[in-house]
Amino acid sequence: MTQAPVPIGVRGAVRAWRGWPPRWAMWAVARRRWIGYAMACEAVAVALTATGLATGFGGPVQFSSFGVLVGLGVAQAEMSRRIERLRRWMSGQTHINVTSVWYLAGAFLLPPAWVALLALVLYLHLWLRVWRHVRTRPAHRFAASTAWAMLSCFAASAVLTIGGLDQARLDTAYGVLALALAAAVFELVNVVLVATGIYLYTNSRSPADLIGTWEDNAFELATLCLGGLVALAFVHQPVLAVFVLPPLLLLHRYLLLKQQLQVAVVTDEKTGLLNTAGWHELATREFTRARRRGAGSGFAVLMIDLDHFKRINDTYGHLTGDEVLAAVAVAIEASVRQSDTVGRFGGEEFVVLLPATGGTDVLGIAERVRVAVGELTVSVGGPLRISGLSVSVGVACYPQAGTTLDEVLRSADAALYRAKDAGRNRVAV
């Protein structure tokens, strides 16, 4: 029996339907329990917001206030777009943005569902203008973060509405107490939702990974204080809300400067890779996660040495040698996965951490690195081209090669020397 021809559009739709979940990045990199949690949060956020908009929960909406808050939030995001993109690129699991300024004011000025809608609009603008260009901010994590922000806003506003505190005069002690309550509820709900998501995504139990450092939380507290000032300004003199933007931008810039200094401390200046201390810190975290997960969990380490590097320095000089090191670093990073971590261990030696990688996979990655460096041609000014480079690679996997991180590193180093003793330009386990 012959199969009737299927139109291309229908065939594509059928293929997409049959394989749609595994093709999404979320299904490839996220844990199933995180996916369930994130999708549940998103469903609840949408359901509560839609129900609130349909029933008018919290009373009539002041469209002018909603429009002004959206306008201020968008203006602030546009003015700090470059800073936010750099901060997002450099940040770890937790990331504090300043949109909560507008949510706290919205809790007093808008019904609960409209505060959640405000969060959705501002997050969507950030995604379109900033975050979608950052590889550490994939769409599935953006959707989950948006849902958590919406639920936090809804909770803070709903508590005030149900308790009648949204009608409190902000120039009284009762009104200030209501303002503090709204900030506390927003922060508490947001911390719980985000920390749960990070734990399910990474299995990390580090307080710094789950809830951020004390500096992160101090920055969030400062942001909420500015949100209280915005609420006061709206009640007494709305035009004064504009004056919150300058200190907000300065706070944003300060946080970027702090992150840049932190990055500089752990970065090798010649290659742009992590230095020994920075790489070892991340490797220690991965070792802790792998040990906590137990049987079936592991990681791998590649120890890479550039063969005959001394000849390059002796022939062309140390400045040319530095250019060659930088080019090799780029080739190594391009040959591994985004989830892998490349560092420089000093001299001409590099090291790569490969999380959740089995023996067969790690050999393929190591061979890919070796071939990429062998195909490299480095331009070092004028007509000079340096080619014919090679690397020796030592491979070690946890827990087969050792029960501690240092043992795994020593095993990878021993394998590297076996590769060099066997003639260089090869991979050894």
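Q: By about how many helical turns are glutamate 281 and arginine 285 separated in helix α14?
A: Helices here are DSSP runs of H or I with at least four residues, numbered from the N terminus. Glutamate 281 and arginine 285 are four residues apart in α14, so about one helical turn separates them. This is a predicted model, in which local features need pLDDT of at least 70 and side-chain atom pairs count only at pLDDT 80 or more, while totals for chains, interfaces and linings use all residues. Residues are numbered from 1 along each chain as its sequence is written, and side-chain values use heavy atoms, with hydrogens and water left out.

Q: What do the side chains of glutamate 281 and arginine 285 form where they meet?
A: A salt bridge is a side-chain nitrogen of Lys or Arg within 4 Å of a carboxyl oxygen of Asp or Glu. Glutamate 281 and arginine 285 meet in such a bridge, at 3.0 Å from N to O.

Q: Are these two residues buried, partly exposed or exposed?
A: Buried means under 20% relative accessible area, exposed means over 50%, and partly exposed lies in between (1.4 Å probe, protein chains only). Glutamate 281 is partly exposed at 41%, and arginine 285 is partly exposed at 35%.

Q: How many salt bridges does the structure hold, and which parts does the pair of arginine 129 and glutamate 78 tie together?
A: The structure holds 10 salt bridges. In one of them, the closest N and O atoms of arginine 129 and glutamate 78 are 2.8 Å apart. Arginine 129 belongs to helix α8 (residues 112–129) and glutamate 78 to helix α5 (residues 63–79), so the pair ties together parts 51 residues apart in sequence.

Q: Where do the salt-bridge partners aspartate 322 and lysine 270 lie?
A: Their side chains meet at 3.5 Å, N to O. Aspartate 322 is in helix α16 (residues 318–335), and lysine 270 is in the loop between α13 and α14 (276–293), so parts 52 residues apart in sequence are tied together.

Q: How is the length of α12 (residues 214–236) to be read?
A: The expected span of a helix is 1.5 Å times one less than its number of residues. Helix α12 has 23 residues and reaches 33 Å from its first C-alpha to its last, close to the expected 33 Å. Its buried residues include Phe219, Leu224, Val230 and Phe234.

Q: Where does valine 242 lie?
A: Valine 242 is in the loop between α12 and α13 (245–265). Valine 242 is partly exposed, with a relative accessible area of 44%.

Terms used
Helices (H or I, at least four residues) and strands (E, at least two) are DSSP runs, numbered from the N terminus.
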